[in-house]
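Here are my notes for your first pass through this structure. Please keep the 3D view open and find each residue as it comes up.

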Amino acid sequence: MHARFTQGLASYQSKSIFHPDSHTISYTTLSRFPPVKLLAASERKRILVTGGAGFVGSHLVDRLMLLGHEVTVIDNFFTGSKTTISHWIGHPNFEIVRHDVVEPFMIECDREGSQYCQSQVF
């Protein structure tokens, strides 16, 4: 019985598929994620997007993820919705935190996704 359980557990592990023609990598868990650019560790940034579940923030998250960066979203979900970023939940480069930015929050990141950063990415 235990052997069958551990065999079945393999289907829940994430897998990666490298696409050499476009130099992208796709991750698959129980659902498949859009292919993201494979960046060297020196090029990949850890980026914090505040309000990342809102209309503008979610589009910024999509763009940053497709570019291959590690993205952390902080949102209180007062006006934003998890559905706008649900397609990234479970991706190894994505993290979401329910938090209101009026309260202090400590995180290590290379850049914060603000209005200024949005104009640089697009």
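1. Start at a loop. Histidine 23 lies in the loop between strand 1 (15-19) and strand 2. Its phi is positive, about 55°, although histidine 23 is not a glycine. Is this residue buried, partly exposed or exposed? Histidine 23 counts as partly exposed, at 42% relative accessibility.

2. Now step back to the whole chain. Remember that this is a predicted model. The protein chain has three helices and seven strands. In sequence order the pattern reads α-β-β-β-β-α-β-β-β-α. Trace that order on screen before you go on.

3. Two totals describe the chain. Of its 122 residues, 33% are buried. Take the contacts between residues at least 6 apart in sequence: 52% of them join residues at least 24 apart.

4. Look at strand 5 (70-75) next. Five of its six residues are buried, so strand 5 is largely enclosed by the rest of the structure.

5. Which strands pair with strand 5? Strand 4 is one partner: the two run in the parallel sense, over five bridges. Arginine 46 stands opposite glutamate 70 in this pairing. The chain gets from strand 4 to strand 5 by way of helix 2, and this β-α-β crossover is right-handed. Isoleucine 47 stands opposite valine 71 in strand 5.

6. Strand 6 (residues 94-98) is another partner. Strand 5 and strand 6 also pair in the parallel sense, over five bridges. Here threonine 72 stands opposite glutamate 95. As background, side chains in a regular strand alternate between the two faces of the sheet.

7. Now the nonpolar core. The largest one holds 17 residues. Which of them touch the most other members? They are Val49, Val61, Val71 and Phe94. Strand 2 (24-28), strand 4 (46-50), helix 2 (55-66) and strand 5 (70-75) each supply at least two residues. Helix 2 gives the most, with four residues. In general, nonpolar side chains in soluble globular proteins tend to be buried together.

8. Zoom in on phenylalanine 94. What does it touch, leaving aside neighbours within four places in sequence? The contacts are Val61, Met65, Val71, Val73, Ile85, Trp88 and Ile89. Do not look for ring pairs, though. A search of the whole structure finds zero aromatic pairs.

9. Phenylalanine 77 deserves a separate look. It is in the loop between strand 5 and strand 6. Phenylalanine 77 is buried, with a relative accessible area of 13%. Its phi is near 60°, a positive value in a residue other than glycine. The charged end of lysine 82 sits over the phenylalanine 77 ring, 5.7 Å from the ring centre.

10. Isoleucine 96 is linked to that region. It belongs to strand 6. Beyond neighbours within four places in sequence, isoleucine 96 is in contact with Val73, Phe77 and Ile85. Isoleucine 96 is partly exposed, with a relative accessible area of 28%. From isoleucine 96 to lysine 82 there are 14 residues in sequence and 9.3 Å in space, C-alpha to C-alpha.

11. Move to helix 2 and find aspartate 62. This residue counts as partly exposed, at 22% relative accessibility. It is in contact with His87 and Trp88, leaving aside neighbours within four places in sequence. Aspartate 62 and histidine 87 are 25 residues apart in sequence, and their C-alpha atoms are 9.4 Å apart in space.

12. End with histidine 99. Where is it found? It is in the loop between strand 6 and strand 7 (111-113). Histidine 99 is buried, with a relative accessible area of 19%. That value counts as buried because the cut-off is under 20%. Not counting residues up to four places away in sequence, histidine 99 touches Ile74, Asp75, Asn76, Pro104 and Phe105.

Note on methods:
Residues numbered from 1 in each chain as written. Predicted model: local features only at pLDDT ≥ 70, side-chain atom pairs only at ≥ 80, totals over all residues. Heavy atoms only, no water. Core = buried A, V, L, I, M, F, W, Y, C linked by side-chain atoms within 4.5 Å. Buried < 20%, exposed > 50% of the residue type's maximum accessible area, 1.4 Å probe, protein only. Contact = heavy atoms within 4.5 Å. Phe/Tyr/Trp six-rings, centres within 6.5 Å; stacked < 30°, edge-to-face > 60°. Lys NZ or Arg CZ within 6 Å of the ring centre and 35° of its normal. Pairing = 2+ DSSP bridges. Right-handed = clockwise from strand over helix to strand, strands pointing away.
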